[in-house]
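Have a look at it first, and then we'll walk through how the chains meet.

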Amino acid sequence: MDRNKDGVVFSIHRQVKRQLFDRLDDVQLTQGLQWITAKMRHHFPRQVPYEEDLSDKNKACARYIPHILALSDALSRTSHLSKDPTMLAQLLLDGGIYLWSKRLLEDAKGLLDKSQLMCEMRGEDQVLLSEIYSIRAAVLADSGNLVEALKYFEQAMSVIKRHLKAVKGNEGTYDQIYLANAYNNLGAMYAQLGDYDKAKTQIEVSLFLKKKWQDRNVPMSHLLCLSYQNLGNINAQLGDFAEAARYFDKALETATVESSTLRIALTYHNYGALNLVQSKLTEARRLLEEAYQLRVEALGDSQDTAATLHLLACCHHQSRGEASSEAAR
Amino acid sequence: MLIFDNAEDPRSLEAFWPPSRNGSVLLTSQDTSWVGQETINHGISIRSLDIDDGVKLLQGIFSRWKRTISREAAERIVYETGGLPLALRQIGSYICTIGTDPEDFVARYSEVQSSSTWVDQWSESTQPSYSRTLATFLDFSFSKLGQRALSALGVFCFLDVDNVWADVLSGSAGQLFHADSPE
């Protein structure tokens, strides 16, 4: 046990921890597992990728993630002891989302494997299972494994559709929003794989569902912004710059204070890139500077901030003149 | 210079091993299979503490608790544990925390002999004597704990080995460190 300015902290030798497993019976391990699951759930906030920035809502996320990883490791031998596998699945999913946001993809995959295992144990929460499949797909996509990612997005879609059929008439407000997200995710995946026609169809269905809920006064601006932006990207890839600009404008119109700052930043960035490609340098610079301001405030020095800076440099470089060259440098 | 301290098996560090041939890597591990790895140029096997060093370690622990231990009792403990530093630290801390007499402890400890446990299978490459010595001490100390204390220890099985902040354990701190028996 150590004391420092932040408080009291304990450590246990790895060998001693292993020996504890040898001595404790199932009843004692079950009690320990129950207690720590509830404790971690209390301290580690829900990570919701579709509604908010994937940033620390609580600086304590970094403090608790090693324990969630240790808990996941211990489940190799103790998963059958969990009295609330659904809560555990949700906790592991949140840990996986957090690690994904930090680009620790292998560790994220490990947590998502266990999350899926725990969720399938009772199989009662199909919405959670669909979410797990979606995040697994996102991690696979970011790892470059697009074909596997598509399979998981398709599985997420099947699960949510089956769930909605099973609860028809009694579905919760967000159940159909999950379906809208599933269509959007599939669309984004098809776009990455170059199948733009399929991508457009999926995202248009997603938009239709989201607008339906917006008309019922459910806050949807952030999700609509996402789909409009995706359609902007797809049309840009297809060379239809006018249509792409129309969708980027809609994305920015739809974005409100409730929308994710980083999503708005991404829209400005992509819209700026679109204008840069068309050599509309003044407009490109304006949009990219908006993106840069938002990113540097939200992320500081990061890959995304650097990407926007790079495009700004390209703008200045293309502008020519001494002042522009200096700005580009 | 890159240092891997208390590295587990070679597979777990594959992703972190530097590809460059420049620079040096210093690695410590209980896993002897590292010695056979191609990436390792030179290995040193660290032996257990000799009697004098073991006695010094125990006396250091006792003096931090403002207690003393006779040379004879300290030597007996070093002998029983084979000079393994972790076991010596655990035993020294245990005796001082519980407040028992070192000579009494040694007398009772000598009667406890743990055979090799299946925990050795956790780490096939760890020296068997290391696990058995620790197992013997834990058998001894666990026999003094009540059910509540054992249940509280179950929590540690699911936590990371480092940085267990007190707020993680809050709400059960009273349970965790309150053994049912006086010892």
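How many salt bridges are there between chain A and chain B? The count is zero. Keep in mind that this is a predicted model.

Polar contacts do turn up, though: six residue pairs between chain A and chain B, both partners at pLDDT 80 or more, are in polar contact. On the chain A side, the elements giving two or more residues to the part that touches chain B are β2 (7-10), α1 (14-23), α2 (26-43) and α3 (60-78).

As for the meeting of the two chains overall, 39 residues of chain A are in contact with 41 residues of chain B. The area buried between them is about 4,000 Å², and carbon and sulfur atoms give 64% of that. In chain A, the residues that lose the most area to chain B are F10(A), R18(A) and R23(A), together 17% of what that side buries.

Now for chain B by itself. Eight helices and three strands make it up, and from the N terminus on they run β-β-α-α-α-α-α-α-β-α-α. Here are some of its figures:

| Chain B item | Value |
|---|---|
| Buried residues | 38% of 183 residues |
| Contacts joining residues at least 24 apart, among those at least 6 apart in sequence | 55% |
| Accessible surface | about 10,700 Å² |
| Carbon and sulfur share of the accessible surface | 50% |

M1(B) is exposed, because its relative accessible area is 72%. Together with I3(B) and L26(B), M1(B) forms a nonpolar patch on the surface, with about 350 Å² of accessible area for the three together.

Technical notes:
Residues numbered from 1 in each chain as written. Chains lettered and ligands numbered in written order. Predicted model: local features only at pLDDT ≥ 70, side-chain atom pairs only at ≥ 80, totals over all residues. Heavy atoms only, no water. Patch = residues over 30% accessible without salt bridge, like charges linked within 9 Å, V, L, I, M, F, W, Y side chains within 5 Å. Areas by Shrake-Rupley, 256 points an atom, 1.4 Å probe, with all protein chains shown as cover. Salt bridge = Lys/Arg side-chain N within 4 Å of Asp/Glu carboxyl O. Buried < 20%, exposed > 50% of the residue type's maximum accessible area, 1.4 Å probe, protein only. Contact = heavy atoms within 4.5 Å. Buried area = accessible area lost by both parts, 1.4 Å probe. Polar contact = N/O pair within 3.5 Å; in protein donor to acceptor, adjacent residues only side chain to side chain. Helix = DSSP H or I, 4+ residues; strand = E, 2+ residues; numbered from the N terminus.
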